[in-house]
Amino acid sequence: MTHISTPTTLSQLVARSRKLGADRSVCNWGGGNTSAKSDEIDFRGRPARILWVKGSGSDLATVTEASFTGLFLEDVLPLLERERMSDTEMVDYLAHCFYEPVRPRPSIETLLHGFLPFMHVDHTHADATNYFACAAAGEELARDCFGDDLVWIPYRRPGFGLAREVALAVRARPDAKLVILAKHGLITWGDTDDACYASTLATIAKARDYVEARIARSSSGEHLQGVFSSARVNTLAAEERRTIAAQVAPVLRGLVSAEQRQVLRFEDDEDVLAFASSRDAPRLTKIGAACPDHLVHTKPWPLLVEWIPAQGGEALVASLHAGVTAYVAQYRRYLEENEQQNLDPDAVAPVYHATDAAADPHPRVILIPGVGMFTTGKDAVMADVSAQLYHRAIAVMRGAEACGGFISLSDAESYAVEYWPLEQYKLKLAPPEREFARQVVLVTGAAGGIGSAICRRAARDGAHIVATDIDRAGAEQLAAYVNQKFGSGRAVAVKMDVTDEASVLPSSRRLWLSAAST
Ligand SMILES: [Zn+2]
């Protein structure tokens with residue numbers, strides 16, 4: 001009667017998931033899901049096979065046992081007999097299959113795991129296999145790379161229909177070792193936890209080696225065109241980039257906050273600079289997302305600002321105005337055109353409505369050639385998520401370009417995921433926003449008793465904090481406390497002497513004001 005497989009199966013699954021999530025080129029933030037099946041004893045003392053699958057909205061890198069949900073597999077499997085099932089029916093049905101009552105709603109992709117006959121299954125959105133999944137010649141090249149081990153499934157939005165299609169395809173090909181979902185991701189499996197993990201890593205490594213070899217050949221000019229090798233714009237020196245970013249950040253923050261206040265994040269990593277400054281960027285940035293689950297954090301396209309450094313700071317401000325205006329118009333058109341006609345292929349009734357607050361039409365990713373990338377979010381953490389996902393997109397575009405050219409979801413397909421209620425549900429799991437959410441509060445004398453109390457209180461109520469003090473170490477200590485308690489990026493420390501005007505006006509801002517007044 002006593003059976004100890006639960007802790008073992010589940011704790012192994014947690015460990016495997018965290019290992020996969022630790023490498024963002026394997027599992028992007030919040031993306032991918034894992035499962036294991038084990039034999040348990042149910043609440044009435046009967047043996048039962050349980051499907052343990054990740055809950056909706058958690059991130060593999062930080063999952064715990066509480067992030068997973070157990071479902072009675074014998075209740076899940078009969079669904080394979082059905083030909084169609086709406087999202088609502090699927091969610092309602094799965095709610096009746098819980099092995100233990102107090103668990104999160106299981107992943108959107110639960111049936112993908114449940115229908116496959118393997119004990120351990122990983123579903124990831126790995127960069128390397130998405131080189132194929134998001135490329136014009138992807139299927140052909142993936143077959144060349146993986147041979148008969150591969151099952152290729154054309155794009156279909158996640159849900160019942162996709163899970164059933166994958167299950168039937170794998171059933172027909174019992175020797176297959178992996179499934180690539182076009183424009184989406186990878187499924188791998190194993191009889192044991194170790195075998196599953198090994199198969200996932202080996203599959204990704206094989207795809208990476210194959211595509212990197214093509215990229216290397218293309219770079220040496222033998223076979224293919226170069227990938228991001230050709231710069232359209234010269235990259236500025238690091239200090240100039242930061243100065244320009246500081247100059248335009250307040251303008252940009254105002255522009256993207258027209259409907260809802262946003263927090264901005266800036267970076268100028270090498271891959272971002274190479275991409276934003278490349279000849280390929282104007283074409284590639286119009287194509288679409290590199291993975292469906294980037295959409296709610298990046299939207300289908302970034303804003304690539306039409307500007308070159310030689311034009312100077314004032315021209316950049318004008319280009320940002322024009323770029324954001326054009327982006328908003330384009331995004332509104334995308335909403336209108338797709339809201340009317342988008343029917344869920346698996347649903348009984350159309351369920352998409354882009355009418356809630358999520359439909360803010362402003363860009364989440366803003367690329368400035370030669371300078372870097374701004375991302376936006378309701379807080380620093382979410383602005384960082386958008387940035388991390390865009391790094392993945394750049395990597396996927398680079399690989400896909402070497403495989404016949406990057407392709408993405410159609411507008412209708414993007415919309416169907418971006419405004420899919422099950423995708424929006426993940427966003428709604430976040431706690432309600434507090435009074436000072438989306439605000440940045442600057443506190444002087446932040447290292448002192450009153451100042452630090454104000455910082456802690458404002459941070460507790462949702463604010464981001466600029467902690468300034470003549471005592472730099474004290475301000476840094478306070479900022480570290482706020483970041484540790486309320487999330488990374490919530491506070492920065494700045495040394496400032498309020499009795500000295502030159503110290504109060506940061507140099508970049510001062511430069512900007514003098515440039516604007518001449
Ligand atoms: Zn997926």
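Reply: What follows goes from the whole chain to a pocket and then to some residues. This is a predicted model, in which local features need pLDDT of at least 70, side-chain atom pairs count only at pLDDT 80 or more, and totals for chains, interfaces and linings use all residues. Residues are numbered from 1 along each chain as its sequence is written, and side-chain values use heavy atoms, with hydrogens and water left out.

Me: How many helices and strands does the protein chain have?

Reply: The protein chain has 20 helices and 14 strands, taken as DSSP runs numbered from the N terminus, with H or I and at least four residues for helices and E and at least two for strands.

Me: And what percentage of the residues count as buried?

Reply: Of the 518 residues of the protein chain, 54% count as buried, where buried means under 20% relative accessible area, exposed over 50% and partly exposed in between, with a 1.4 Å probe and protein chains only. As for contacts (heavy atoms within 4.5 Å), of those between residues at least 6 apart in sequence, 73% join residues at least 24 apart.

Me: Switching to pockets, how much space lies in the second largest pocket?

Reply: The second largest pocket holds about 1,000 Å³ of space, and of its 30 lining residues, Ala249, Leu264, Val440, Val466 and Val492 are the closest to its centre. On a 1 Å grid over the protein atoms alone, a pocket is an open set of points where a 1.4 Å probe fits, with protein on both sides within 12 Å along at least five of seven lines, and lining residues have an atom within 4 Å of a point. The volume is the space filled by probe spheres set on the points, which are joined across faces, edges and corners.

Me: Which element gives the largest share of that lining?

Reply: Helix H9 (238–256) is among the elements that each supply at least two lining residues, and the largest share, six residues, comes from H9. Strands S8 (263–267), S12 (440–443), S13 (464–469) and S14 (491–495) also supply at least two each, as do helices H19 (501–504) and H20 (507–517). By class, the lining has 19 nonpolar, five polar and six charged residues, with Ala, Val, Leu, Ile, Met, Phe, Trp, Tyr, Cys and Pro counted as nonpolar, Asp, Glu, Lys and Arg as charged, and the others, Gly among them, as polar.

Me: Now Asp461: buried or exposed?

Reply: Asp461 counts as buried because its relative accessibility is 7%, and it lies in the loop between helix H17 (449–460) and S13. Leaving aside neighbours within four places in sequence, Asp461 is in contact with Arg434, Glu435, Phe436 and Ala437.

Me: What about Leu181, where is it?

Reply: Leu181 is in strand S6 (residues 178–181) and counts as buried at 2% relative accessibility. Not counting residues up to four places away in sequence, Leu181 touches His123, Ala133, Ile153, Leu162, Val166 and Ile187.

Me: Which loop holds Lys183, and what is its phi near?

Reply: Lys183 lies in the loop between S6 and strand S7 (185–190), and its phi is near 55°, a positive value in a residue other than glycine. Most residues other than glycine have a negative phi. Arg438 also has a positive phi, near 70°, and is found in the loop between helix H16 (421–428) and S12. Lys183 is buried, with a relative accessible area of 16%, and Arg438 counts as buried at 10% relative accessibility.
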